[in-house]
Amino acid sequence: MTSTNAKPTPLTQPEPRTAAALSRPVFFIGFMGAGKTSVSRKLARKLGLGAIDMDTYLERREGRRVKDIFAEVGEDGFRDIETDVLRELAAKDPLLVSCGGGIVKMLRNRVILRESGFVVHLRVGVDEAASRISDKSTRPLFQNLDDARALAEERAPLYDDVADATVDTAGKTVNAIAYEVKRLLEKEGILCLPPK
């Protein structure tokens with residue numbers, strides 16, 4: 001005979017929390033030092049999403065560093081490898097992808113970005129970017145500030161051309177930028193949050 005006054009047993013384990021999901025890949029573009037990797041990692045940790053830094057992925061796949069690839073095959077050779085990696089990442093389950101600063105240089109990459117996902121441009125001024133980069137030796141195209149300014153000016157219209165949304169990062173913390181991007185992705189229907 002069972003007692004009707006039996007106390008419910010407490011759950012020994014909390015219910016598993018469903019992670020957020022992306023309806024499409026999210027590509028972060030912008031100049032070096034814009035915070036693309038930091039912001040994508042912060043969002044990934046907060047929301048349980050997958051994030052990948054394209055340059056790190058490329059280096060692991062190729063077994064050599066970006067600056068070494070530049071030295072061995074030149075920028076054109078590097079851009080060919082970069083396009084191949086972009087295609088590979090665009091074909092995976094939707095991820096937060098932080099792209100290299102020059103990803104927009106090639107028309108074929110801009111087409112892949114536009115057709116494959118949602119593109120967030122993190123805008124940063126060159127002087128602020130320079131202050132954020134502690135080790136410039138890892139940035140082959142950021143060895144001279146005047147050259148970096150010219151490069152940023154050259155790339156600005158390309159970032160604007162391919163971006164679905166632009167977030168100004170000037171004077172903002174990684175947390176503040178991540179929060180702004182999260183709200184933007186929710187509003188656009190790209191980020192699907194689990195019910196609370």
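I take the expected span of a helix as 1.5 Å times one less than its number of residues. Helices (H or I, at least four residues) and strands (E, at least two) are DSSP runs, which I number from the N terminus.

**Basis.** I am working with a predicted model, in which local features need pLDDT of at least 70 and side-chain atom pairs count only at pLDDT 80 or more, while totals for chains, interfaces and linings use all residues. I number residues from 1 along each chain as its sequence is written, and side-chain values use heavy atoms, with hydrogens and water left out.

**Entry 1: helix α7.** I looked up α7, which spans residues 174–187. The helix has 14 residues and reaches 20 Å from its first C-alpha to its last, close to the expected 20 Å. I then listed its buried residues (under 20% relative accessible area; exposed is over 50%, partly exposed in between; 1.4 Å probe, protein chains only). Ile177, Ala178, Val181, Leu184 and Leu185 are buried in α7. They lie on the same side of α7 because they cover an arc of only 125° around the axis, the arc being that of the directions from the helix axis to the C-beta atoms. On the face turned away from this buried side I find the exposed residues Arg183 and Lys187.

Entry 2: I count a contact where heavy atoms lie within 4.5 Å. The cover over the buried residues of α7 includes β2 (26–29), α1 (36–47), β5 (118–123), β6 (165–168) and β7 (191–192). Just after α7, I note that Gly189 takes a positive phi of about 80°.

**Entry 3: whole chain.** I record seven helices and seven strands in the protein chain. From the N terminus on, their order is β-β-α-β-α-α-β-α-β-α-α-β-α-β. Of the 196 residues, 42% count as buried. Among contacts between residues at least 6 apart in sequence, 77% join residues at least 24 apart.

**Entry 4: aromatic rings.** I pair rings of Phe, Tyr and Trp (its six-membered ring) if their centres lie within 6.5 Å; planes under 30 degrees apart count as stacked, over 60 as edge-to-face and the rest as tilted. The count comes to one aromatic pair. Phe70 and Phe78 form this tilted pair, at 4.8 Å centre to centre and 35° between the planes. Phe70 is buried at a relative accessible area of 14%, and Phe78 is buried at 3%.

**Entry 5: cysteines.** I searched the whole structure for disulfides (pairs of cysteine sulfur atoms within 2.5 Å) and found zero. Cys99 is buried, with a relative accessible area of 3%, whereas Cys192 is partly exposed at 39%.
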